[in-house]
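Dear colleague,

I am handing over the structure below, and my notes on what was found in it follow directly after.

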Amino acid sequence: MAEFVEVHVTAPDRDVAERIASAVVAERLAAAAQLVAPITSVYWWRGEINQADEWLLFMKTTAERFDELAAAIRELHPYEVPQIFAVPLVAGTPDYLEWIRRETAPEPGA
Amino acid sequence: MAEFVEVHVTAPDRDVAERIASAVVAERLAAAAQLVAPITSVYWWRGEINQADEWLLFMKTTAERFDELAAAIRELHPYEVPQIFAVPLVAGTPDYLEWIRRETAPEPGA
Amino acid sequence: MAEFVEVHVTAPDRDVAERIASAVVAERLAAAAQLVAPITSVYWWRGEINQADEWLLFMKTTAERFDELAAAIRELHPYEVPQIFAVPLVAGTPDYLEWIRRETAPEPGA
């Protein structure tokens with residue numbers, strides 16, 4: 001797995017998206033969280049096709065922090081099976097990647 | 001290749017984007033399709049730089065289903081060379097990944 | 001690394017985003033650049049959590065061109081540490097991938 005990842009999450013509305021973004025950055029589970037856009041999702045759920053308006057979130061973190069980040073998102077997320085997955089960063093400017101690493105390092109003593 | 005992918009497609013307008021999203025989900029070529037946002041594209045085409053407003057779509061499926069999904073998109077797509085590519089999911093919550101697998105499985109007897 | 005990548009960049013506003021998009025396409029450092037959406041970023045910077053409105057850009061290029069593309073973006077970018085990273089294209093329709101390759105090839109004699 002790549003060392004750095006972008007995590008893609010959807011939330012039911014902007015409020016929940018903001019709450020998740022603030023919480024995961026405050027806990028240093030992500031160096032940044034971006035509220036990308038209101039989206040419209042078309043998806044299968046319990047044998048039926050549903051359509052819903054949601055908010056898309058992108059978060060930057062290390063692959064190492066993914067499990068902890070996913071657990072924190074789940075606690076704040078109202079869905080039974082929220083969308084939480086990671087795509088790999090296969091290249092990046094060195095200072096940007098170093099910034100992700102530094103900002104997601106656990107606080108001393110934490 | 002990763003087992004699960006997010007497929008990024010652009011469509012000329014929201015109507016075409018919606019038609020593609022509905023069709024590929026109905027055929028279980030993707031577990032979900034998201035109409036992300038209206039975007040502005042700047043691109044080379046036949047020796048000239050063009051600018052166009054488009055709609056961005058993200059679809060969740062298995063790597064195994066990519067070729068079938070791409071073929072279905074092409075049939076509905078008015079462009080000669082549409083943007084259709086996949087980025088890999090290198091991590092994800094197990095129930096979310098399992099949901100993609102289940103919802104993209106061909107219907108029994110299909 | 002994959003042969004083709006999507007580069008994700010954020011800019012402080014739409015003007016800067018457009019300037020970067022036009023420049024990198026004109027120089028064939030990317031086959032296409034997309035102004036995706038205005039986003040809200042929550043991030044760590046110098047020991048404090050900041051929030052800012054930004055513009056998200058996606059660019060399509062070859063892995064080989066990434067360093068040159070990143071250098072060109074930095075010259076046009078007002079941030080000290082701009083977000084510049086690449087996610088890999090692990091699948092794509094052959095004509096689309098071939099289009100990226102062709103449009104990012106240096107001009108003859110350049």
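**Helix packing in chain B**

In this predicted model, B:V16, B:R19, B:I20, B:A23 and B:V24 of α1(B) meet B:L69, B:A72, B:I73 and B:L76 of α2(B), where contact means heavy atoms within 4.5 Å and helices (H or I, at least four residues) and strands (E, at least two) are DSSP runs numbered from the N terminus. Of the residues in this contact, eight are nonpolar, none is polar and one is charged, with Ala, Val, Leu, Ile, Met, Phe, Trp, Tyr, Cys and Pro counted as nonpolar, Asp, Glu, Lys and Arg as charged, and the others, Gly among them, as polar.

**Chain B against chain A**

Between the two chains, 27 residues of chain B are in contact with 29 residues of chain A, and about 2300 Å² is buried, 62% of it on carbon and sulfur atoms (the accessible area, with a 1.4 Å probe, that two parts lose on being put together, summed over both). The count of salt bridges between them is one, formed by A:R74 and B:D95 with their closest N and O atoms 2.7 Å apart (a side-chain nitrogen of Lys or Arg within 4 Å of a carboxyl oxygen of Asp or Glu). On the side of chain B that touches chain A, β2(B) supplies the largest share, six residues, and the residues of that side divide into 18 nonpolar, three polar and six charged.

**Conventions**

Residues are numbered from 1 along each chain as its sequence is written, while chains are lettered from A and ligands numbered from 1 in the order in which they are written. Local features need pLDDT of at least 70 and side-chain atom pairs count only at pLDDT 80 or more, whereas totals for chains, interfaces and linings use all residues, and side-chain values use heavy atoms, with hydrogens and water left out.

Best regards
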